[in-house]
Amino acid sequence: MQAIDRALAAGTCLQVEEITSYHGFVDFIDRDGALARLHIFAVSVTDVMRLRIGEGYEARSWEPAEVIEQSLSRSRQRPG
C-alpha cells in the first residue's frame with residue numbers, strides 16, 4: 001500500500017484512499033533494457049481536484065479505468 005501511495009503521489013499528487021482491485025501484471029523491457037514488471041491496481045483517491053501531473057510523468061498515458069480494463073481484457077484473450 002505504501003509503494004502504491006508513493007507512486008501515485010509522485011505521478012499525480014493524489015493520495016490513495018483504498019485499493020479497489022488488482023488487475024494483474026505486465027512484464028516488459030524498460031528503457032535500460034532490463035526486464036521489469038508493472039503491477040496494475042485500481043484505486044479510489046481523496047480530493048481528485050488536487051490532480052497535478054508530477055515532474056517526469058508528463059509523457060505518460062493517463063486513461064480512464066474503463067479503457068484500461070478493456071485493454072487488459074483484450075490482452076488476456078490473446079493466444080499466448
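## Surface and overall make-up

Accessible areas here come from the Shrake-Rupley method with a 1.4 Å probe. On that basis the chain exposes about 6,500 Å², and carbon and sulfur atoms supply 54% of this area. The model is a predicted one.

The chain has 80 residues, and buried residues make up 15% of them. Its secondary structure comes to two helices and two strands, which follow the pattern α-β-β-α when read along the sequence.

## Helix H1

Helix H1 spans residues 2–12, and its buried residues are Leu8, Gly11 and Thr12. Seen down the axis of H1, these buried residues fall within an arc of 75°, so they line one face of the helix. That buried set packs against strand E1 (15–29) and strand E2 (35–46).

The face of H1 turned away from the buried side carries the exposed residues Gln2 and Arg6. Glutamine 2 has a relative accessible area of 62%; it counts as exposed because this value is over 50%. The C-alpha atom of glutamine 2 is separated by 9.2 Å from that of valine 16, 14 residues apart along the chain. Just after H1, cysteine 13 takes a positive phi of about 70°.

Aspartate 27 forms it with arginine 37, and the closest N and O atoms are 2.7 Å apart. The pair links distant parts of the chain, as aspartate 27 lies in strand E1 and arginine 37 in strand E2, ten residues apart.

Both partners fall between the limits for buried and exposed residues, which are under 20% and over 50%. Aspartate 27 is at 40% relative accessibility and counts as partly exposed. Arginine 37 is partly exposed too, with a relative accessible area of 47%.

## A nonpolar patch

A nonpolar patch on the surface is formed by Met1, Ile19, Tyr22, Phe25 and Phe41. Together these residues have about 470 Å² of accessible area. Strand E1 gives the largest share of the patch, three residues.

Phenylalanine 41, one of the patch residues, is found in strand E2. At 35% relative accessibility, phenylalanine 41 counts as partly exposed. A residue needs over 30% relative accessible area to join a patch, so phenylalanine 41 at 35% passes that cut-off.

## Helix H2 and isoleucine 68

Helix H2 covers residues 65–77, and isoleucine 68 is found in it. The relative accessible area of isoleucine 68 is 34%, and the residue is partly exposed.

Leaving aside residues up to four places away in sequence, isoleucine 68 touches Ile40 and Glu63. The C-alpha atoms of isoleucine 68 and isoleucine 40 are separated by 9.5 Å, and the two residues are 28 residues apart along the chain.

Technical notes. Residues numbered from 1 in each chain as written. Predicted model: local features only at pLDDT ≥ 70, side-chain atom pairs only at ≥ 80, totals over all residues. Heavy atoms only, no water. Helix = DSSP H or I, 4+ residues; strand = E, 2+ residues; numbered from the N terminus. Buried < 20%, exposed > 50% of the residue type's maximum accessible area, 1.4 Å probe, protein only. Contact = heavy atoms within 4.5 Å. Arc of directions from axis to C-beta. Patch = residues over 30% accessible without salt bridge, like charges linked within 9 Å, V, L, I, M, F, W, Y side chains within 5 Å. Salt bridge = Lys/Arg side-chain N within 4 Å of Asp/Glu carboxyl O.
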